[in-house]
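How is the packing of two helices described, and what can be read from such a description? Please work through the exercises below with the model open.

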Amino acid sequence: MTESTPASGPGPLDSTAQTASRTTGLPGSRPARLPRPYAPIRRPPALVVVAHGSRDPRALRTVRALLAEVRAQRPGVPVALGHIELNEPLLGDTLARLNGEAVLVPLLFGRGFHVKEDLPGALARAPHLRARVAPPLGPHPLLAQALHARLVEAGWRPPPAGRRGPAGGGRARGGAVVLASAGSRDPQSADDVRGIAHLLASRLGVPVVPAWATAASPSVPEAVADLTARGHDRIAVASCFTAPGRFSARCAAAAPPGAVVSAPLGDHPAMARLVLHHYDSLATGPAAAPPHDVPAPCG
């Protein structure tokens, strides 16, 4: 009896297990998966914190402490510092050392000359970067939170409910606050500081009057005199400054004797969150958005 020769042509279909066995070498195994191609990891844009600069040696220490708080809150973001004037590193030198993308967050409180002219000009001189300028810090609820906290640290307490005046002003005797800021000739900058005062007044429940160290009115002494004439006998000064300097010292010296005067905002955690909030608003935007734009400030 002769053995039969298998018929030509395709044989019966293999089972899944047989196919897997040939593919992996292990009986009953599933087919091996090929590794998927991965997109390259996108490095986050550099966060360039822009300080004004001051001859007061405490200013640089304070700004560096704020940057340390920013890094602690967001370890994965590369953070750099640049000054408009008076301190190193200067902004132009910082931008020259960077590559790729960057977001500039100014430690300024209103839409004045520095935000509108100096910062876009610095970016125009750094064409190797894809960078944008964030709005100034104010007005924003996180800023009002930091101002409130610094007042409380300095000893401010809300007046008894019966002695509070309306948040927007009024003639009732009781507590009031002068919000002291640097000042600018740009009316939009003054509007921004008034917006900060409104947010702080809503938070404190007492009148808050904006005042400026230079270039705008009222000055801090004028604001104190006006509140005193309106019958307020517990007047505090809230320092709307990032760091100690000539203007913050001038405003503090204008406070009434024995008045509560808050320290500059410095490295308060709410300030770091606000810096990161402005960074995120541009760092996560469309990659194709045009660079060097100056968005409208947060309100």
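The model is predicted, so local features need pLDDT of at least 70 and side-chain atom pairs pLDDT 80 or more, while totals for chains, interfaces and linings use all residues. Residues are numbered from 1 along each chain as its sequence is written, and side-chain values use heavy atoms, without hydrogens and water.

**Exercise 1.** Determine how α5 and α9 are oriented to each other, and which residues make the contact.

Solution. Helix α5 (residues 141-153) packs against helix α9 (residues 269-283) at an angle of about 165°, and their axes lie 8 Å apart. The two are therefore roughly antiparallel, a term for angles over 145 degrees. The crossing of α5 past α9 is left-handed. The contact (heavy atoms within 4.5 Å) joins Leu-142, Leu-143, Gln-145 and Ala-146 of α5 to Ala-270, Met-271, Arg-273 and Leu-274 of α9. Sorted by class, these residues comprise 6 nonpolar, 1 polar and 1 charged.

**Exercise 2.** Determine how α2 and α9 are oriented to each other, and in which hand, left or right, they cross.

Solution. The axes of helix α2 (residues 57-73) and α9 cross at roughly 65° and come within 9 Å of each other. These helices are therefore roughly perpendicular, the term used from 65 to 115 degrees. In passing α9, α2 makes a right-handed crossing. On the α2 side the contact is made by Leu-66, Glu-69, Val-70 and Gln-73, and on the α9 side by Pro-269, Met-271, Ala-272, Arg-273, Val-275 and Leu-276. This contact divides into 7 nonpolar, 1 polar and 2 charged residues.

Technical notes. Axes fitted to C-alpha atoms, helices over the stretch in contact; angles between N-to-C directions. Helix = DSSP H or I, 4+ residues; strand = E, 2+ residues; numbered from the N terminus. Parallel < 35°, antiparallel > 145°, perpendicular 65-115°, else oblique. Left-handed = near helix turned anticlockwise from the far one by under 90°. Nonpolar A, V, L, I, M, F, W, Y, C, P; charged D, E, K, R; others polar.
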